[in-house]
Amino acid sequence: MGALKSEIKGKQLFSIVMSTVLALVLVMIFNVTVFAAAEEGTGWKIDDAGVLTVTGGGSQGKLAKVDAKDAKAWESHKDEVTAIKVEGNVTTIGDEVFKGYSKVTTVEFADTVTEIGVSAFAECSALTSVKLPASVQKIRQKAFQKCTE
């Protein structure tokens with residue numbers, strides 16, 4: 001009888017361990033799936049629809065100017081981005097920040113944006129809609145060069 005109880009406890013323990021392992025694997029799979037759909041960094045995020053939202057530049061996402069150094073953070077998603085929204089406290093889009101984002105069709109700026117840099121959106125060949133607020137005072141040369149075929 002003792003051996004039978006021991007065998008039952010062993011099977012119960014094995015069952016508990018396997019259930020726990022299965023639950024952990026499912027949690028890991030779920031987390032990978034959820035986080036693969038959207039990515040976020042300091043001062044930016046991209047959703048599963050390809051909308052890149054930029055809220056600030058610099059290492060803390062609090063600077064008013066977004067420059068090429070900041071753009072390196074989301075550059076690996078360049079081919080996924082279909083729309084760009086500039087929000088938050090951003091006042092300046094630096095030179096060549098979004099150059100060559102060939103799948104972007106729309107760009108929207110916050111009312112805080114006052115300047116768009118040289119070639120900032122150059123070679124965005126699919127771009128068909130740009131919503132410029134009245135706050136924009138300077139659009140530098142070639143800012144939207146080669147944006148339509």
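Guide: Ala-68, Ala-71, Lys-72, Glu-75, Lys-78, Glu-96, Val-97, Lys-99 and Tyr-101 line the largest pocket. The model is predicted, so local features need pLDDT of at least 70 and side-chain atom pairs pLDDT 80 or more, while totals for chains, interfaces and linings use all residues. Residues are numbered from 1 along each chain as its sequence is written, and side-chain values use heavy atoms, without hydrogens or water.

Visitor: What makes a residue part of the lining of the largest pocket?

Guide: An atom within 4 Å of a pocket point; a pocket is an open set on a 1 Å grid, for a 1.4 Å probe, with protein on both sides within 12 Å along at least five of seven lines. By class, this lining has four nonpolar, no polar and five charged residues, with Lys and Glu counted as charged, Ala, Val and Tyr as nonpolar.

Visitor: Why is Thr-53 called buried?

Guide: Its relative accessible area is 8%. Buried means under 20% (1.4 Å probe, protein chains only), so Thr-53 qualifies. Thr-53 touches Gly-43, Trp-44, Lys-45, Lys-85 and Glu-87, leaving aside residues up to four places away in sequence; touching means heavy atoms within 4.5 Å.

Visitor: What makes β5 and β7 a pair?

Guide: Four bridges, in the parallel sense. Ala-83 has Thr-106 in β7 as its bridge partner.

Definitions and conventions. Buried means under 20% relative accessible area, exposed over 50%, partly exposed in between (1.4 Å probe, protein chains only). Two strands pair if DSSP finds at least two bridges between them. Helices (H or I, at least four residues) and strands (E, at least two) are DSSP runs, numbered from the N terminus.
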